[in-house]
Amino acid sequence: MRRQTNKKICWNNKLAYVVGLITTDGNLSKDKRHINFTSSDIQLINTFKSCLNKNNFITLNPFSERTKKQSYKFQFGDVSFYDFLMRIGLYPNKSLTIDKINVPNKYFRDFLRGHLDGDGSIVYYKDQYNTYLNPKYIYDRLFVYFTSASEKHIEWLQKIIIKLKKIHGNIECLKFKTKKSSNPFYRLKFSTKEAKIILNWIYYKPNLPCLLRKYLIAKPFLRN
């Protein structure tokens, strides 16, 4: 039976943000219909739900003894949206093999903000390591990280950022053996100066969909 997927899906900043979240913390079911999004942050789940204008229920996942965190799951069925995601480069069991995602350049920074909120981090601290030499040796350290289990995906991410913002960052390969996996994961790292450029690029105006706790870390470094 032919799938009825005539619904037109148009790119906008909310859609691009959602695609970034699905790329990192989302999953396409093998039934070719359902999309799942999981997070330990209920605010992010609600933002995801709001961006898609969906009213499906949020459910609780089993409590994780490993992370000591409660996580939440949002699932909805939408054949047209599922097929759209497949066309742009997403698919079931994508973690280790995902490559590029066909996001228009106009909306790439919204996609990147979703990518950051899903599986990235913003780290800020004051470096006082050399204060024993001189009490004035205190430095601000700011880092922005984008992570993936797929090396190809991280390389693609870096390539697009170089193209659009002329900053490079640095790709790191990290290896942590756990009970479930010994696969490495890859991290695209931006340090202080470049980190500020990235943050001002993705938080380009107020009231964008985002994970609030990460935005609050970024806020002191935003020009507007």
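**Figure 1. Lys166 in the loop between α5 and β7.** Lys166 lies in the loop that runs between helix α5 (151–165) and strand β7 (170–174). The model shown here and in the other views is predicted. Lys166 is not a glycine, yet its phi is positive, at about 60°. Most residues other than glycine have a negative phi. With a relative accessible area of 61%, Lys166 counts as exposed, because the cut-off for that class is over 50%.

**Figure 2. Asn207 in the loop between α6 and α7.** The loop in this view lies between α6 (192–202) and α7 (212–218), and Asn207 is part of that loop. Asn207 has a positive phi of about 65° although the residue is not a glycine. The relative accessible area of Asn207 is 81%, and the residue is therefore classed as exposed.

**Figure 3. Tyr107 and its surroundings.** Tyr107 is found in the loop between α3 (79–88) and α4 (108–119). Its relative accessible area is 17%; buried means under 20%, so Tyr107 is buried. When neighbours within four places in sequence are left aside, the contacts of Tyr107 are Trp11, Asn12, Asn13 and Ala16. Tyr107 and Ile202 are 95 residues apart in sequence, while their C-alpha atoms are 9.9 Å apart in space.

Figure 4. Apart from neighbours within four places in sequence, Val19 is in contact with Trp11, Phe84, Leu85, Ile88, Leu90, Ile101 and Phe111.

Figure 5. The space in the second largest pocket comes to about 160 Å³. The elements that give two or more residues to its lining are α1 and α2 (42–52). The lining residues are Lys7, Lys8, Ile9, Asn12, Lys14, Leu15, Cys51, Leu52, Lys54, Asp78 and Phe81. By class, five of the lining residues are nonpolar, one is polar and five are charged.

**Figure 6. Strand β4 and its pairing with β2 and β3.** Strand β2 (residues 34–39) and strand β4 (residues 72–77) run antiparallel and are joined by six bridges. Within this pairing, Ile35 stands opposite Phe76 in β4. Strand β3 (residues 58–60) also runs antiparallel to β4, and three bridges join the two. Here the bridge partner of Ile58 is Phe74 in β4.

**Figure 7. The whole chain, for reference to the close-up views.** The protein chain has seven helices and eight strands. Of its 224 residues, 42% count as buried. Among contacts between residues at least 6 apart in sequence, 65% join residues at least 24 apart. Tyr107 is one of the buried residues, whereas Lys166 and Asn207 are exposed.

Conventions. Residues are numbered from 1 along each chain as its sequence is written. This is a predicted model: local features need pLDDT of at least 70, side-chain atom pairs count only at pLDDT 80 or more; totals for chains, interfaces and linings use all residues. Side-chain values use heavy atoms; hydrogens and water are left out. Contact means heavy atoms within 4.5 Å. On a 1 Å grid over the protein atoms alone, a cavity is a set of points where a 1.4 Å probe fits but cannot get out, and a pocket is an open set with protein on both sides within 12 Å along at least five of seven lines; lining residues have an atom within 4 Å of a point. Grid points are joined across faces, edges and corners, and a volume is the space filled by probe spheres set on the points. Helices (H or I, at least four residues) and strands (E, at least two) are DSSP runs, numbered from the N terminus. Ala, Val, Leu, Ile, Met, Phe, Trp, Tyr, Cys and Pro count as nonpolar, Asp, Glu, Lys and Arg as charged, and the others, Gly among them, as polar. Two strands pair if DSSP finds at least two bridges between them. Buried means under 20% relative accessible area, exposed over 50%, partly exposed in between (1.4 Å probe, protein chains only).
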